[in-house]
Amino acid sequence: MIRAALTREEIATQNLIAEVSESGNGATSVFIGTVRSLNDGRDVTAIEYSAYEPMAEKEILAILREASGKFSVKSLVAEHRLGEIQVGEASVVIVAADPHRAPSLDALRYIIEQLKTRAPIWKLEHYTDGERSWVSAAEGEPA
Amino acid sequence: MTVTVRFFASYAEVLGRQSLVLDLTNGATVRDVVAHVARLPGAAGLPPAPLIAVNHSYASHSEILANGDEVAFIPPVAGG
């Protein structure tokens, strides 16, 4: 099964894990991207995520399908959160399940790297001093 | 023909708008839309060759548009 979604709710990682669970799987790998308290030397209080929603969902799904083909992984689920997210909360969760560990781990790396460069999603960082700024992938450090 | 142009994030902020409907002649390309947008107030905040999507897929500036197309200006992405 392959599924991608954008959500404004807190991401229920356990539900995603349950979704891909099946007895033939020997490995379930999980990537959780969280909002970090420090970026580029500035103290971050929260990040506001926005997206070109239909395209972002379509693009993430396309990335999952590519990863499934490239690494022969059976089950992939990804959810990306939108709206204001506090420090420490998850902005993205990706789960890959497979009979074996290597494909599921390789798929996760591929998916998060591609998602960061291709999915039309933006973040506006809010800082402790009250300022805010748009983060571009080139400036932001990878999660 | 008409196309809908959409702006997001920092681009929507500098242009002060999220969308625009443009009347174009048949055979118009993405490049024509980019040229039109470059004349709007605030457009100095956009790069000369912004990333573009047509109908939810990344597109080149030479792509020929059709009536009803949605042309989106995509600022540098930062998901994850």
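Modeller: Two residues are in contact here if their C-beta atoms, placed from the backbone, lie within 7 Å. By that rule, and skipping residues up to four places away in sequence, Arg8(A) touches Leu82(A) and Gly83(A). Residue numbers start from 1 along each chain as its sequence is written, while chains are lettered from A and ligands numbered from 1 in the order written. The model is predicted, so local features need pLDDT of at least 70 and side-chain atom pairs count only at pLDDT 80 or more, while totals for chains, interfaces and linings use all residues.

Stay with Arg8(A) for a moment. Arg8(A) sits in the loop that joins β1 (2–7) to α1 (13–20) of chain A. Burial is counted by C-beta atoms placed from the backbone: 20 or more others within 10 Å is buried, 12 or fewer is exposed, and anything in between is partly exposed. Arg8(A) is exposed because it has 10 C-beta neighbours inside 10 Å. Val93(A) is 85 residues away along the chain, and its C-alpha atom is 13 Å from that of Arg8(A).

Strands pair if DSSP finds at least two bridges between them. β8(A) and β9(A), the latter residues 132–135, have four bridges and run antiparallel. Across the pair, Leu124(A) faces Trp134(A) of β9(A). Four residues lie between the strands, and in this hairpin Gly130(A) has a positive phi near 90°.

His126(A) counts as partly exposed because 19 other C-beta atoms lie within 10 Å. Beyond four places in sequence, His126(A) contacts Val44(A), Thr45(A), Ala46(A), Glu48(A) and Arg132(A). Ile47(A) is 79 residues away in sequence, yet its C-alpha lies 5.9 Å from that of His126(A).

Next, the core. A nonpolar core is a set of buried Ala, Val, Leu, Ile, Met, Phe, Trp, Tyr and Cys residues joined through C-beta atoms within 7 Å. The largest one holds 58 residues, and Ile94(A) and Ile111(A) touch the most other members. Helix α2 (residues 53–71) of chain A gives the largest share, seven residues. Past its neighbours within four places, Ile111(A) contacts Ile63(A), Leu64(A), Ala67(A), Ala78(A) and Ile94(A). In soluble globular proteins, nonpolar side chains tend to be buried together.

Two backbone angles deserve a look. Most residues other than glycine have a negative phi. Ser72(A) is not a glycine, but its phi is positive, about 50°. Ser72(A) lies in the loop between α2 and β5 (75–81) of chain A. With 13 other C-beta atoms within 10 Å, Ser72(A) is partly exposed. Ala9(B) also has a positive phi, near 45°. Ala9(B) is in helix α1 (residues 9–15) of chain B, and its 26 C-beta neighbours inside 10 Å make it buried.

From the N terminus the order is β-α-β-α-β-β-β. The five strands form an open sheet with mixed pairing, ordered β2-β1-β5-β3-β4 (chain B). β2 (19–23) and β4 (57–59) of chain B are the edge strands, each pairing on one side only. β1 (residues 2–7) and β5 (residues 70–74) of chain B pair in parallel, over four bridges. One of the bridge pairs joins Val5(B) to Val71(B) in β5(B).

As for its overall form, 29% of the 80 residues of chain B are buried. The C-alpha atoms fill a box of roughly 35 × 30 × 20 Å along the principal axes. Among contacts in chain B with a separation of 6 or more, 52% link residues 24 or more positions apart.

Last, confidence. pLDDT is the predictor's confidence in each residue, from 0 to 100. Chain A averages 93, with 95% of the residues at 70 or above. Residues 139–143 of chain A fall below 50; beyond near neighbours in sequence, this stretch has eight contacts in the model. Chain B has a mean of 97, and 100% of its residues reach 70 or more. The model scores ipTM 0.95 and pTM 0.93.

Methods
Helix = DSSP H or I, 4+ residues; strand = E, 2+ residues; numbered from the N terminus.
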